[in-house]
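Dear colleague,

I am handing over the structure below, together with an account of what was found in it. Please read the notes alongside the sequence and the coordinates.

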Amino acid sequence: MPAHADEALLPDEADDAQAEADEADPTDMGVAPIGAELRGEVLSSALDAYLDQAFPASGVPGAAVAVVDSDGVRYLRTVGDVTSADQTFIIGSLSKSMASAAVQQLVDAGAVSLDAPVDDYLPAYGVPRSVTVRDLLNQTSGFGYYQSLADARVGESYGEFSYANANYDLLGRLVESASGLSYGDYLRRNLWGPLGMADACLDGEKSAAAAGSDDNAGGGIDGEATGHRNWFGLPVADGFVHERGDGAWGGPASGYVRASISDMASYLRMYLNSGAGVVSRAGVHRMVFDRVPDASGDTCYGMGWTTYSWGDGELVMSHDGDVENYVARMCVIPGRDLGIVLLADQNDAVGGNAAFWQMADDVTSLAVGGVAVGIDPGETCATHACYDAAYLLAILACVAPVLLARRWAGRMAAADAPERAVRAAWAVALHVAVPVCVALVPAGFGMRLRDFADFYPEQALVMAICDVLLAAGGAMKVASLGRARGGHGCVACG
């Protein structure tokens, strides 16, 4: 392993601790000692055998996998409906590290100061002067998780780690303000271009590779890997397109960069080569080690990277990404000179993307000489079956008042005044209060209904069906009650 790969990422004060970790026999993790990981045909055979079995069991339409070191690509494969290493995926929150890398470049150029108020660069956004550029990078600004950039406000979590897309969306605007370039142009000139990431682009724009072709709306020369959302347990390419602008929950800097597996292989190698002359060694160091603890777990958040240690003390850099119709994970293990990235063209939010995350864990384990747990296809199927059964029961429960509306009206007309009052109150609760409460469920979590529907389309559809059925049932009860009055005389008179 080249010495510079380790030196670029480890602070001087950690050298002794890392040396001890390097010498440790990580048998508690069940992986190979450092430097004895699988390589060449042995690694390829192990990963091929695993993917041949696990990928079909995952239910994911298509995926791409790469394992790299500082010298090159150890393994690269596409599976399913992804047929080229140049097809692009929306990489979700893996995009955040690219925004951080851009800021590090501007810091080194003297155009940005990490400890300056964000307001110095973006006064139009009205961010309190207590919030610094560092706060945005470390996600300690106090912005809310579900807030868009347009409505981001500093809350009680200020000064503590609290994950929010708005932090990085604002950093994207800062890059534009400090550089005088659009965010896409800045990354293309200063990050993607120098690293040879020819397929990378912002979602909705064209990459350098596709710029000369009229056949590609975006992405690389082989176009985009078609994104899927999961509907009732089935991946559906429903043509979803993410909202754009400051009002969107997530923008290019926080989650909507497109890149191919080839691009991401080159990108991870940058971190294993001291920034590869694209980001300074000091900038890479800041991204990893200028970090804050995540109080909800045993990880830390740096500047676009989550970091933690394995049981033997090995440093791991990682970040997950998921948008409405794609998921991704990248991992860098500097002490082993390894980078691993997986991209997939489906988001199964209801199933928690469990199969994909397990596949990512298993590929990482195999890359470091460990064993794979494997994927149980029945687990995801069972999860969706339970949800689908619950959806069906909810819809049937809402159909019942429609079918029983005339009976209800007849009983209402025949009841005495106290009973009519009780029945009327229950009707109002069922046909007015319940639909309103159902529609407000996302707001209870601080989430816009639109964003909820984008990420949980099947649940939003079922909620809408139930609300329509309940409203229809209420209308039919009122109409049937009117007819019942006509047949029984004046209800008020008994």
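The side chains of R77 and D52 form a salt bridge with 2.8 Å from N to O, a salt bridge being a side-chain nitrogen of Lys or Arg within 4 Å of a carboxyl oxygen of Asp or Glu. The two residues lie 25 residues apart and link distant parts of the chain, R77 in strand 2 (residues 72-80) and D52 in helix 3 (residues 40-58); helices (H or I, at least four residues) and strands (E, at least two) are DSSP runs, numbered from the N terminus. R77 is partly exposed, at 21% relative accessibility, and D52 is also partly exposed, with a relative accessible area of 48%, where buried means under 20% relative accessible area, exposed over 50%, and partly exposed in between (1.4 Å probe, protein chains only).

Before going further, please note that this is a predicted model, in which local features need pLDDT of at least 70 and side-chain atom pairs count only at pLDDT 80 or more, while totals for chains, interfaces and linings use all residues. Residues are numbered from 1 along each chain as its sequence is written, and side-chain values use heavy atoms, with hydrogens and water left out.

The count of salt bridges comes to 24. Another of them pairs D69 with R74, the closest N and O atoms being 2.8 Å apart; here D69 counts as buried at 9% relative accessibility, and R74 counts as buried at 12%. D246 forms a salt bridge with R173, again with the closest N and O atoms 2.8 Å apart. That pair links distant parts of the chain, since D246 sits in the loop between strand 6 (234-236) and strand 7 (257-260) and R173 in helix 6, 73 residues apart. D246 is partly exposed at 23% relative accessibility, and R173 is partly exposed at 29%. Salt bridges that share partners also join D203, E224, R244 and R258 into one network.

Of its 37 lining residues, the closest to its centre are S93, Y163, D320, G321 and D322. A pocket, on a 1 Å grid over the protein atoms alone, is an open set of points where a 1.4 Å probe fits, with protein on both sides within 12 Å along at least five of seven lines, and lining residues have an atom within 4 Å of a point. Grid points are joined across faces, edges and corners, and a volume is the space filled by probe spheres set on the points. Strand 11 gives the most to this lining of the largest pocket, with six residues.

The second largest pocket holds about 410 Å³. Of the 23 residues that line it, the closest to its centre are R173, L202, G245, G251 and P252. Helix 6 (165-179) and helix 7 (183-195) each supply at least two residues of this lining, and helix 6 gives the most, with four.

As for confidence, the protein chain averages a pLDDT of 90, and 89% of the residues score at least 70; pLDDT is the predictor's confidence in each residue, from 0 to 100. It stays under 50 over residues 1-8, and pLDDT is likewise under 50 over residues 10-28. Where pLDDT is low, the predicted coordinates should not be read in detail.

With best wishes

Notes:
Contact = heavy atoms within 4.5 Å.
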